[in-house]
Amino acid sequence: MSVRIAKSAGFCFGVSRAVELVEQAAGSGKKVATLGPIIHNRHVVDKFRTLGVGVIDRPDQARPGQTVIIRSHGVSRNVYERLEKQGVEIIDATCPFVKRIHGIVSRAEEEGKLPVIIGTPTHPEVEGIAGWCSHCEVFAGPEELENWAKSQNNLKNSSICMVSQTTSTESLWKSCGKIAKKEFTNLKIFDTICRATEYRQSEAAELSEVCQSMVVVGDPKSSNTGRLAMICREHCDKVFLVDNASDLKAEDFCGVTDVGITAGASTPAWIIKE
Ligand code: SF4
């Protein structure tokens with residue numbers, strides 16, 4: 001059986017940077033906690049726990065003197081302020097691509113524009129981006145955007161700045177762009193999709209077209225990984241979304257000659273190779 005591993009499988013630049021920052025902080029003898037799990041991968045979180053890295057859910061759980069690491073998804077402005085009040089050292093592992101979006105929406109609002117974010121409203125990255133302006137609109141997709149645009153007469157000439165969650169798909173973003181250009185006359189669009197995600201998704205699509213079976217490795221809670229599995233299912237009937245090798249059985253691959261493997265951005269290389 002031939003097994004092909006996608007070149008883009010596993011940690012992206014932003015996740016790799018965040019994990020390195022945690023490793024460095026843990027190795028320096030500081031009392032370290034991450035605000036939320038550093039990445040959507042229990043194996044990595046468990047490994048850090050054994051090195052003394054705790055996980056807090058809210059800024060008010062931080063203790064003075066502690067070092068708190070902000071994960072690559074980023075957080076709202078208000079969370080930084082609350083952490084500062086707790087008297088902690090902050091290590092900012094927000095991915096620079098996400099940080100750029102914080103700057104875009106914040107500046108847009110200062111210039112009198114209304115920020116519009118295309119993304120999953122409850123996703124931590126989107127909540128973080130929304131928290132860099134006092135008022136914005138968030139839409140999961142083109143239908144929601146169009147309904148909102150048509151629901152209010154005064155929106156046509158409003159000054160609007162549109163950005164995307166970094167992990168949105170190209171097709172969803174293009175559909176939203178088409179609607180926005182039709183509905184608004186005073187519009188500025190920033191394509192903020194992360195190319196690492198786009199590359200991973202297109203490689204997964206290509207691989208799943210030529211393989212009889214696909215294995216997508218990653219945390220089932222990660223939207224990134226779920227989306228990869230969804231893309232693979234568009235081209236391949238036999239797709240397994242697994243946390244690690246122990247979730248697979250030999251009989252799953254009976255009669256299969258070609259298997260492709262891809263993995264979400266939060267999956268370390270050692271789990272993919274297992
Ligand atoms: Fe950064 Fe892209 Fe990785 Fe998200 S997927 S952490 S935006 S490099």
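Analyst: Of the 274 residues of the protein, 51% count as buried, where buried means under 20% relative accessible area, exposed over 50%, and partly exposed in between, with a 1.4 Å probe and protein chains only. The model is a predicted one, in which local features need pLDDT of at least 70, side-chain atom pairs count only at pLDDT 80 or more, and totals for chains, interfaces and linings use all residues. Residues are numbered from 1 along each chain as its sequence is written, and side-chain values use heavy atoms, with hydrogens and water left out.

At 6% relative accessibility, C211 counts as buried. C211 lies in the loop between α8 (195-210) and β10 (213-217); helices (H or I, at least four residues) and strands (E, at least two) are DSSP runs, numbered from the N terminus. In total, the protein has ten helices and twelve strands.

Which residues does C211 contact, leaving aside its neighbours within four places in sequence? They are R4, C236, D258, V259 and G260, contact meaning heavy atoms within 4.5 Å. For the protein, among contacts between residues at least 6 apart in sequence, 70% join residues at least 24 apart.

R17 gives a further reference point: its C-alpha atom is separated from that of C211 by 32 Å, and the two residues are 194 apart along the chain.
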